[in-house]
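Subject: Structure handover

Hello,

Here is the structure I promised to pass on.

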Amino acid sequence: MGFRAKIGLEVHAQLLTDSKMFCGCSTRFGETANSQCCPVCSGTPGTLPVANRKAIEYVIKTGLALGCQVAERCRFARKNYFYPDMPKNYQISQYEEPLTFGGQIEVEAEDETARIGIRRVHLEEDTGKNFHLPDGTSLVEYNRAGVPLMEIVTEPDFASAEQVRAYLTKLREILRYLGVSSGNMEEGAMRCEPTVNLVDAETGARTEKVEIKNLASIRGVYEAVRYEIRRQLKAVEDGETVRQETRRWSEEKGETQVMRTKESAEDYMYFPDPDLVPMAPSREWVEAIRATLPELPAARRERFVREYELPAYDAEVLTSTKAAAEYFEELVALTGDAKQASNWLMGPVTSELNARSLGIEDCPLPPAAVAELMGLVAEGRITGKIARDVFPRMFESGKSAAEIVAAEGLAVVGGEDELGPILEEAIAANPKAVDDYRAGKEKAKGALVGAVMKATKGQADPATVNRLIEERLRPQG
Ligand code: ZN
Ligand code: MN
């Protein structure tokens with residue numbers, strides 16, 4: 001049978017606003033439990049919500065970046081269900097009238113480009129959080145209740161776990177470039193729920209949709225989707241029925257497990273929230289937001305290859321965060337050497353940052369400091385090897401490249417006056433290499449160059465040393 005996987009994805013991303021969706025409470029992560037709530041977000045009867053303009057702007061911005069249309073008029077809806085972490089007993093969300101809809105994104109996986117439809121990007125509020133203790137006590141924490149949440153729903157256009165993974169990586173990059181969400185899955189700021197079923201393109205036969213919850217990383221999503229496709233394929237082969245249900249992903253067991261049978265939208269009794277006025281974003285406002293869209297990662301990647309003639313791999317790494325791309329462009333502006341700037345950034349700068357678990361945005365050395373070091377190499381004042389030794393010390397001490405080079409006498413030993421005696425010693429100490437070289441064995445020169453480099457502690461310019469040896473041992477004419 002020709003069953004193929006059909007996967008859709010819902011992503012919930014917390015928005016980086018200072019205050020909550022419908023009240024003025026702070027959204028800061030990691031504060032004392034229940035210290036950031038008020039009568040509105042704790043569901044006290046008689047309070048009235050007021051929508052956060054910044055959150056609306058962020059959803060519009062995201063929608064535009066994903067090629068969506070922005071509704072001329074739309075409303076909030078109540079999604080009714082009872083759960084202790086949701087004090088109002090309903091979540092304010094959007095149902096029939098999402099703020100933005102009808103977008104599209106391209107993802108590359110396994111050498112293929114897939115077009116993934118974006119069904120909608122809408123706005124809602126987050127719930128609180130329940131903690132179940134081993135002694136049977138349950139605690140409820142409301143700091144998260146009412147934090148603005150954006151829901152990004154795709155069409156069921158993914159055909160593989162690899163495409164899902166590529167999409168999530170790309171989406172998270174975009175959200176971070178836009179500055180609308182931290183995308184930090186480990187803090188719960190981005191949460192994903194895939195639905196998976198199988199369809200036989202020829203017969204139209206299909207399995208029921210299964211939704212997977214409890215995914216805390218992109219890797220987790222990837223593994224859960226892969227597992228679920230295999231589980232359903234096996235069920236079909238064995239002549240079993242795949243039931244419509246919600247399953248959870250068990251990281252430890254590496255499998256999905258039944259959580260509950262799926263509720264349908266009717267169970268939520270959605271209706272327009274009578275406490276909130278409809279939203280009608282003016283076209284001027286939408287265009288003003290569009291004008292603030294930054295160059296997105298894919299476009300920047302393409303430009304880096306075109307404008308700086310970088311290999312695709314370099315462009316990919318350097319544009320993976322906005323901060324890295326900006327650091328790189330500053331470094332190029334200062335040095336005029338894109339490939340060297342890329343090498344420095346992807347090599348020494350990244351390894352020093354990684355060793356300290358720092359991101360490029362926390363780099364203690366500004367691009368100008370790295371540019372100065374690159375300049376010393378370009379001017380022939382220090383060798384590339386010395387530069388690589390100096391760099392970690394700049395990072396450590398915050399001193400400039402020139403200071404370290406001057407203080408430690410690391411400048412190139414270059415003049416013929418300086419190199420002459422060292423060269424003579426090397427020649428005297430390596431008679432065999434000298435004879436071999438004179439006899440035409442080009443490789444024998446390496447031993448002599450090596451001896452000079454060693455005597456100068458790597459501070460001689462190898463090209464100059466090579467030239468001087470040639471001149472001395474093989475005089476022209
Ligand atoms: Zn509040
Ligand atoms: Mn939702």
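First, the ground rules. This is a predicted model, in which local features need pLDDT of at least 70 and side-chain atom pairs count only at pLDDT 80 or more, while totals for chains, interfaces and linings use all residues. Residues are numbered from 1 along each chain as its sequence is written, chains are lettered from A and ligands numbered from 1 in the order in which they are written, and side-chain values use heavy atoms, with hydrogens and water left out.

**Domains**

The protein chain is divided into domain 1 (3-285), domain 2 (297-408) and domain 3 (416-473). These bounds come from an automatic or database domain assignment. Taken over C-alpha atoms, the centres of domain 1 and domain 3 are separated by 68 Å.

**Zinc site**

Ligand 1 is a zinc ion. Its protein donors are C23 (SG), C25 (SG), C38 (SG) and C41 (SG). They lie 2.3 to 2.4 Å from the ion. Donors here are N, O and S atoms within 2.8 Å of the metal (3.2 Å for Na, K and Ca); water is not among the atoms, so sites may look incomplete.

The zinc site is tetrahedral, with angles of 101 to 116° among its four donor atoms. Four donors get that label if all angles lie between 85 and 135 degrees. Along the sequence, the zinc donor residues are spaced C-x1-C-x12-C-x2-C.

How accessible are C38 and C41? C38 is partly exposed, with a relative accessible area of 21%. C41 counts as buried, at 6% relative accessibility. The cut-offs are under 20% relative accessible area for buried, over 50% for exposed, and partly exposed in between (1.4 Å probe, protein chains only).

**Manganese site**

Ligand 2 is a manganese ion, and its protein donors are H12 (NE2), E124 (OE) and E151 (OE). E124 lies in strand 6 (residues 112-125) and E151 in strand 9 (residues 148-154), so the pair ties together parts that are 27 residues apart in sequence. Helices (H or I, at least four residues) and strands (E, at least two) are DSSP runs, numbered from the N terminus. E124 is buried, at 3% relative accessibility. E151 is buried too, with a relative accessible area of 9%.

**Empty spaces**

Rolling a probe the size of a water molecule over the atoms shows where empty space is left. On a 1 Å grid over the protein atoms alone, a cavity is a set of points where a 1.4 Å probe fits but cannot get out, and a pocket is an open set with protein on both sides within 12 Å along at least five of seven lines; lining residues have an atom within 4 Å of a point. Grid points are joined across faces, edges and corners, and a volume is the space filled by probe spheres set on the points.

The structure holds one cavity of 30 Å³ or more. The largest cavity has about 70 Å³ of space. Its lining has 13 residues, of which M86, P87, K88, E125 and D126 lie nearest its centre.

The second largest pocket holds about 670 Å³. It is lined by 23 residues, and E106, E108, K170, A298 and R301 lie nearest its centre. Which element gives the largest share of that lining? Helix 5 does, with six residues.

**Single residues**

E228 sits in helix 3 (residues 218-237). At 0% relative accessibility, E228 is buried. Not counting residues up to four places away in sequence, E228 touches V196, V210, I212, R247 and T256. Contact means heavy atoms within 4.5 Å.

G183 is in the loop between helix 2 and strand 10 (190-200). G183 is also buried, at 0% relative accessibility. G183 and L15 are 168 residues apart in sequence and 9.1 Å apart in space, C-alpha to C-alpha.

Most residues other than glycine have a negative phi. N214, however, has a positive phi near 65°. N214 lies between strand 11 (210-213) and helix 3 and is exposed, at 53%. K457 has a positive phi of about 55°. K457 is in the loop between helix 14 (445-455) and helix 15 (462-473) and counts as exposed, at 66% relative accessibility.

Best wishes

Technical notes: Tetrahedral: all angles 85-135°; square planar, octahedral: opposite > 155°, others 65-115°.
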